[in-house]
Amino acid sequence: MPDVIVDAQHVGRAFAMPAGPVHAVRDVTLQIRAGDHVAVRGPSGCGKSTLLHMLGCVDAPSSGTLLFDGHDVATLSDARRSALRLKRIGFIFQRFFLLPMLTAAENVELPLSEAGASKRDRQHRTKELLDYVGLSARADHRPSQLSGGEMQRVAIARALANRPQLLLADEPTGELDEATGAQIAALLDRVNADGTALVIVTHDHTLAERAARVLMMRDGRIEQETRR
Amino acid sequence: MTPGSLGSRLVLLVLVISAATAGAQEASPPDILISRQLAAERGLVVGSIVQLAADAAGTGARTFRIAGIYEPTPDPARLGAVPREVRLHLPDLLDVTRPPGQQPGTEYIANINIALVDRADATAFSRDVNARMPGLIARPSSEAAGAAGPFRVLERFHLAIAVVTIVAATVFLLALTIMLVDERRETVGILRLIGLPVRRVLVQVLLEGVIVAGAGAAFGLVLALLSEGLINAFFQWRYDTALVFVRITRDVALTSAAIAIPLGASATVLASWALLRRSGLRLARR
Amino acid sequence: MNALAFAWRSLVRQPARATLGVLGVAAVGALLFDMLLLSQGLIVSMRDLLARSGWDIRVSAGDLPGRGGRVSAATSTAERIAALPSVKAALMVRVANAQIERSGGGPPIGDAPSIGGGPPIAAVFEGIGGRSRHREPIAPPWTVVRGREARGDTEVVIDSAIAAAANLQVGGTITLRASCVSDREALPPARLTVVGIAEFPFAGTNEDAIGGSLDALKAACGGNVGDEADLLLVTSVGEPAETAAAIRAEIPHLNALTNDQVVGRLQQTGFTYFRQISAVLTTITVSFAVLLIAVLLTVSVNQRLGEIAALRALGFSRWRVVTDVLSESALIVGSGGILSLPLGLLLASGLDRILKEMPGIPADLHFFVFERDALFTHIGLLVATAVIAALYPMRIVSSLPIAATLRDEVIG
């Protein structure tokens, strides 16, 4: 049985609001193993992104237990969680969040630099990743000079910089047209095929159909799980 | 100044005050006034009998009675110096300071201070005296110091500091308005895309700039008025003086507003102008 | 990419904003630097001027030299002082106003300008006379740069400004009217020989000066001088403080002050205004700079919250993003601070020129004097400014809720 990367047991997340607490996620039990390809779908406000943030140690559950690589996320310090995100988890966002003042190569290199890789290793890995996503020729271009699809590919390369076990994508094709979205979907398939576990939050059903497991969420709960 | 009136002759003398011994020799000594600071320093009160002499040896000492204690007019030229002052009737002062052997009536006075009924007559009055009385120089008090007077120099110094401060503030203001305008680039882009002309948007921006600058100037004025009180209180305590160090006059307030509001409005328009030169599409794009 | 390099790229991303921030700090920093120079400048300059004069004690009738009247019986007083074992020399100084005729004109009448040669040149005439141990020559309070010292009652030295204005050379004759008692005296002109051109360190910026013996001064004043001196200058054999105490013991009614004591008195009176204004303006400029840098950084950070949240999600530690903000502040304040030094020195020379126009300020006295301590204080204050200004924006990034911010960015 592949290793369990994330083990969520009855996790919930509530937000305190003036009108009373809002339970964005309720009683979710879920395991993500190495090599998994999971899509999370559901209507707006059902708690998909909140669940993704908890899986990625960006947010901590208000109830239940969430173990990442066997460590209880709630007991980890902020520094430890940051270290986990840097080295074990990759994030891809709907709005790309590339740094506009850095080139594509520099954006990809950022997590490597933060992880303390040597200059040689950084340069080598950056070239490798840009080749992987098909953007070697655009290495010295800034985000303002790239298309939406190209920016997302750079973002994927950046997310893979430190060889994470788990890649989390929040609406990765949300701001892209259908054709470009398909290219990104194919790239994500390849990432998963190369061994990285993948959890994608998406409204895009064609993207969701490519996943081995599809989780349907409603009102903060996983209503249905479909396996292909 | 009429003879016999309570006036002062501006002389630099060392006055020695010593408390009169019991059994003062003069039956009803002449009256004098002393400054509050001198009274506090020497523990003197109204009614105290003192002796004044022109030198430390006590030559020609005369006995006087303290008739009153006054608050000396603060002299900015002597800031920091404790005003140990005595005011006597002129004949008494002449008696104390007359060198031995000098005949009474042969003394001279260095200055005569004149208070006119109408202050505006000062220049004409001075001209008249100069024409009629050779050997005298009459001039209005405001011209006494001349361009090189210490306070004129300080005025120029303060002005130079103010200019530097305004330059620095303008630079920062420009930086801030550029940032604030940039925050609204999307809004401006959308307005342009839906058809508003550049001029219309600029008028909007100018209006906002004037309002913000006006509010800022008003706030600054309130802050200045508060500081005025604090600064004056502190320095009056520090130097034991009634001198006013900072005064926000109507002219000062109006000048500040006249500088601040156009500066603020211009900075906003300048920052926006650079933005508005771009197309609406570019501005509205994220 | 380390924090400084990252901060540099962040600033360069918005060049107009960054440039204006740096220039603003440079302008404020220049003013701050000048106020630090001013705070001790007068004291340092006066101390140096007094030390260079070669005289270590000043004896006067008032609480400060030049104030409070004249020293009476000056000759016998100077002799008594010179006779003290710890005194090397005592010099009497008497000062009078003089009106010098320009060559080519007749004598002036009253205040009217002289006929033909132009208006008379107003000057200060310093007359000196003294005693020294073992009859050693006494250095006057001026330095002859051409010619020789004045001797007797017919010779004087003049400053170069008078020489130029009155068209006088060494060996020439100067005609002047001096007034030792009052400006309203009408005395016959005195004709004296110019034997030297000298520098008068204690003469004011707009003041011309003549130097000679007391006898020359008395002759110029028509003998109407009296045995009085404005000041007695003393050099001591041993410690000036001990000598001053000995003089005070010998002549209790006079004030004998060492150079340090003169500076100390001036610090409490005449110079105190500049220390106070320096303190007030230093406080205001630092507060101003902190406020404005804080606002610049806060607005900048608020515009990039999404990026910062994304970096945190990617694994950047809280400490790292906080350091990025601090580095930005350090770069703006540091760059502006470096620029502020030459700017400050330039501004200081201009402000110094303005203040030196004050009457009675010696030409060699400066209000703004460069001192290493002022530089170190300036650097320290700028460092504090950078740190304090960054505190609030650092707090924003350190407490940024990552998930909520990412969510808001998508919705926004």
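This is a short tour of a predicted model, stop by stop. Residues are numbered from 1 along each chain as its sequence is written, with chains lettered from A and ligands numbered from 1 in the order in which they are written. Because the model is predicted, local features need pLDDT of at least 70 and side-chain atom pairs count only at pLDDT 80 or more, while totals for chains, interfaces and linings use all residues.

**Stop 1: where chains A and C meet**

Show chains A and C together. Here 25 residues of chain A are in contact with 21 residues of chain C (contact: C-beta atoms, placed from the backbone, within 7 Å). On the chain A side, colour α1 (48-55), α2 (78-87) and α3 (104-114), the elements that give two or more residues (helices are DSSP runs of H or I, at least four residues, and strands are runs of E, at least two, numbered from the N terminus). The most comes from α2(A), with 7 residues.

Stay on α2(A) and select A:Arg81, A:Ser82, A:Leu84, A:Arg85 and A:Leu86, its buried residues (buried: 20 or more other C-beta atoms within 10 Å; exposed: 12 or fewer; partly exposed: in between; C-beta atoms are placed from the backbone). Their cover includes β4 (63-68), β6 (89-92) and α3 of chain A, together with α9 (305-314) and α10 of chain C.

**Stop 2: two helices of chain C**

Next, select residues 272-302 (α8) and 318-355 (α10) of chain C, whose axes come within 11 Å and cross at roughly 135 degrees (lines fitted to C-alpha atoms over the stretch in contact, with angles from 0 to 180 degrees between N-to-C directions). The two helices are therefore oblique to each other. To see the contact, show C:Ile293, C:Leu297 and C:Val301 in α8(C), which meet C:Val325, C:Glu328, C:Ser329, C:Ile332 and C:Val333 in α10(C).

**Stop 3**

**Stop 4: B:Pro30**

Finally, go to the loop between β1 (16-19) and β2 (31-35) of chain B and pick B:Pro30. Is B:Pro30 buried or partly exposed? B:Pro30 counts as partly exposed because there are 15 C-beta neighbours inside 10 Å. Beyond residues up to four places away in sequence, B:Pro30 touches B:Phe64, B:His89 and B:Asp92.

Definitions and conventions:
Parallel < 35°, antiparallel > 145°, perpendicular 65-115°, else oblique. Contact = placed C-beta atoms within 7 Å.
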